[in-house]
Amino acid sequence: MAYVSLQNLTKLFPNGTKAVDDFSIDVSDGEFLVLVGPSGCGKTTALRMVAGLEEISSGTVSIDGAVVNNVPSRGRDVAMVFQSYALYPHMTVRQNIGYALKVRKMNRGEIASRVDAAAEMLDLTSYLNRRPAQLSGGQRQRVAMGRAIVREPKLYLMDEPLSNLDAKLRVQMRAEIAELQDRLGVTTIYVTHDQVEAMTMGDRVAVMRLGALQQVASPQELYENPANVFVADFIGTPPMNLFHAHVRSEGGQVSLHFGTQTIALPSGLSIASMLSARNGAEIIVGARPESITLSESQGTVPIRAQVKLVEVLGGSALIHFLLEARPMSQDLQSSGVEGAEDTATSLGSRRGSEVLATVPAQSAFRVGEQVALHVPVEALYFFDAMTGSRINL
Ligand SMILES: Nc1ncnc2c1ncn2[C@@H]1O[C@H](COP(=O)(O)OP(=O)(O)OP(=O)(O)O)[C@@H](O)[C@H]1O
Ligand SMILES: [Mg+2]
């Protein structure tokens, strides 16, 4: 068991790439922390610095309060599970799982009992005498986990350990890993680019972008209170609708302008006074697809849009609307990342002025029809158009 502290951790590669940029986070004893972010944002590099496999350019890694920057990997008592777990093909499952212990010259009886316990935990008992080639992908993945578990380290570091599995096995394994970690109580830092995996597994989730920490919070908190437009866009499936608008404040009335529409915000709300200070400024407005309704009610504001596409997904339908508004600028977006690939629908190529709404499946829509969408004002998110920071946090 261990607590881990990363302080101002930075990695500058010799070619000038700043892969990790002033990254600070504290991971508490027994916590399951997920590092998530698009491809190339520095997740693996950060994890390798914690493991002692990558030299630290500046900043510190501490385990249980002791700085380990100069402690070699072997001395850090961490077990790492990589994306490409290479099992030894000529060894049995038992030998594979026990290998690290044998190298450490543990006695044979102790090795056997640890391997048996790990196999039991991972449901591999009946496969101990097989070789990796005789196992399914999920079983092989569990053997790779087994090799980490038998070590009983202070800290687990896992780098996309499920990425080689098909979608169904991945869902099963992520639940098993989360449950196992909970049972063992070993502090774990788990890397993924899949936000669904992050949200379902992590006690807390740290969102990274371009080497820098964007926000670290519980999954629920990230979803409800994203600190900036990048996190808002990255977390949630289907993603938050985001578009540009101008703020106008006249005689105590605050309104939002985009395309040919004007939305008057009810006065007296704290967000109205926050926005009134931004008279004339451009902001980004966000609304989650599930917060959009088709009928007016207390506290909602109307948005006109045209039906573009209807996707029925069993119990609910996802409606794509066209909205006359400038889409969020590309450099603030997180879409196009690999994390989008296994999300529910055809959202991969998201066009900015498109609005998605999740509605009951029986709602009838004709493509091309103009409709009024209704969004509760308190469900709207507002971001600074220049910095992407949340205004109503
Ligand atoms: N040895 C290296 N030399 C130079 N640049 C590197 C090196 N290793 C990684 N990088 C760069 O550092 C950045 C972060 O890479 P890293 O592998 O940490 O990303 P990642 O978040 O793990 O991405 P992925 O989700 O694709 O695995 C990338 O821009 C990458 O090209
Ligand atoms: Mg990586």
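Colleague: Which strand pairs with β16, and in which sense?

Modeller: In this predicted model, β16 pairs with strand β17 (residues 354-360) in the antiparallel sense, over seven bridges. Within that pairing, alanine 317 stands opposite valine 359 in β17.

Colleague: And how many bridges join β15 and β16?

Modeller: Seven bridges join β15 to strand β16 (residues 316-322), and the sense is antiparallel. Glutamine 306 has leucine 322 in β16 as its bridge partner.

Colleague: What does glycine 314 do in the hairpin of β15 and β16?

Modeller: Glycine 314 takes a positive phi near 75° in that hairpin, which has two residues between the strands.

Colleague: Why does glutamate 290 count as partly exposed?

Modeller: Glutamate 290 is partly exposed because 15 other C-beta atoms lie within 10 Å.

Colleague: What about tyrosine 381, buried or exposed?

Modeller: Tyrosine 381 counts as buried, because it has 23 C-beta neighbours inside 10 Å. This tyrosine lies in strand β19 (residues 380-384).

Colleague: Which residues is tyrosine 381 in contact with, leaving aside its neighbours within four places in sequence?

Modeller: On that basis, tyrosine 381 is in contact with Ala232, Met240, Gly286, Arg390 and Asn392. As for glycine 299, it is 82 residues from tyrosine 381 in sequence, and the C-alpha atoms of the two are 15 Å apart.

Colleague: Changing topic, how many residues has the largest nonpolar core?

Modeller: That core has 98 residues, and Val34, Leu35, Leu157 and Ala206 have the most contacts inside it. At least three of its residues come from each of domain 1 (4-227) and domain 2 (234-384). In soluble globular proteins, nonpolar side chains tend to be buried together.

Colleague: Which contacts does leucine 35 make, beyond its neighbours within four places in sequence?

Modeller: Leucine 35 is in contact with Lys43, Ala46, Leu47, Ile189, Val191, Ala206 and Met208. One of these, Ala206, is also listed among the residues with the most contacts inside the largest core.

Colleague: How far apart do the C-alpha centres of domain 1 and domain 2 lie?

Modeller: The two centres lie 37 Å apart. The domain assignment itself gives domain 1 as 4-227 and domain 2 as 234-384.

Colleague: And what does the C-alpha trace of the protein chain span along its principal axes?

Modeller: The trace spans about 80 × 45 × 35 Å. The chain has 393 residues, of which 39% count as buried, and its secondary structure comes to nine helices and 19 strands. Taking contacts between residues at least 6 apart in sequence, 71% join residues at least 24 apart.

Colleague: Last topic: which residues come nearest to ligand 1?

Modeller: Phe13, Ala19, Ser39, Thr44 and Thr45 come nearest, out of 13 residues around ligand 1.

Colleague: Which helix gives the most to the shell around ligand 1?

Modeller: Helix α1 (residues 43-51) gives the most, with three residues.

Colleague: How do the residues of that shell divide into nonpolar, polar and charged?

Modeller: The shell around ligand 1 holds three nonpolar residues, nine polar and one charged.

Technical notes: Residues numbered from 1 in each chain as written. Chains lettered and ligands numbered in written order. Predicted model: local features only at pLDDT ≥ 70, side-chain atom pairs only at ≥ 80, totals over all residues. Buried ≥ 20, exposed ≤ 12 C-beta atoms within 10 Å, placed from the backbone. Helix = DSSP H or I, 4+ residues; strand = E, 2+ residues; numbered from the N terminus. Contact = placed C-beta atoms within 7 Å. Near = placed C-beta within 6 Å. Nonpolar A, V, L, I, M, F, W, Y, C, P; charged D, E, K, R; others polar. Core = buried A, V, L, I, M, F, W, Y, C linked by C-beta atoms within 7 Å. Domains from an automatic or database assignment. Pairing = 2+ DSSP bridges.
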